[in-house]
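Look at the model below and follow the chain from one end to the other.

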Amino acid sequence: MMQTPNYYSKAEFIETDTGNKVSRRATISGPQNIILGGKTIISNGAIIRGDLKRAGPGHAVVISLGRYCLVGEGCVMRPPYKTYRGAFNYYPMKIGDFVHIGANTIVEAATIGNHVEIGKNCVIFTIIKDCAKVADNTIIPPNTVVPALTLFAGSPGHFVEDLPESTQEVVEAYTKSYYTRFQPAER
């Protein structure tokens, strides 16, 4: 089944040799501290804060995204931080493969697993396990873990239902098809 292409202006996106497509209207701070796994789309208005890192010389991986990730328009991604014994520190953020983050969502989480769907206008301060889903407009407070194969919704976010075992294949097919359909317009 051929799906309709989702056209973008070629002038607006930079395509890397591993197939990442990054909007020129996204703000990527500290790019040397950010790893994109390949075939990942960073939409316009997204802000990725790779500059927020532990004190100290040199660069460190601050944010890593896996393959086939979709970062929606206006998303803000910044590493989580803790104050421990009076010292303030940022911690790295790791996002797995096949992760879709909806528009205007703020992610300040240490870990998001593989095959995860996060809706629009969410605020995520937590760990999300594989094959989980967060509904639109959900706020997941700190110290909450979203277990694998569950749907969370609400403010504060809470467990709604278990997801079917097929979630992994469904999310993988969806993110791959989204990437395939994301095509440069001819002109």
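In which sense do strand β7 and strand β10 pair, and over how many bridges? Strand β7 (residues 47-49) and strand β10 (residues 76-77) pair in the parallel sense, over two bridges. Two strands count as paired if DSSP finds at least two bridges between them. Within this pair, isoleucine 48 has methionine 77 of β10 as its bridge partner. Strands of a sheet pair through backbone hydrogen bonds, either parallel or antiparallel.

This is a predicted model, in which local features need pLDDT of at least 70 and side-chain atom pairs count only at pLDDT 80 or more, while totals for chains, interfaces and linings use all residues. Residues are numbered from 1 along each chain as its sequence is written, and side-chain values use heavy atoms, with hydrogens and water left out.

The pair belongs to an open sheet of six strands, in the order β4-β7-β10-β15-β18-β21, with parallel pairing. At its edges are β4 (27-29) and β21 (139-140), each of which pairs on one side only. The protein has 25 strands and one helix (DSSP runs: strands are E, at least two residues; helices are H or I, at least four).

The C-alpha trace spans about 55 × 45 × 20 Å along its principal axes. Of the 187 residues, 45% are buried, meaning under 20% relative accessible area with a 1.4 Å probe, protein chains only. Among contacts (heavy atoms within 4.5 Å) with a separation of 6 or more, 38% are between residues 24 or more positions apart.

Technical notes
Buried < 20%, exposed > 50% of the residue type's maximum accessible area, 1.4 Å probe, protein only.
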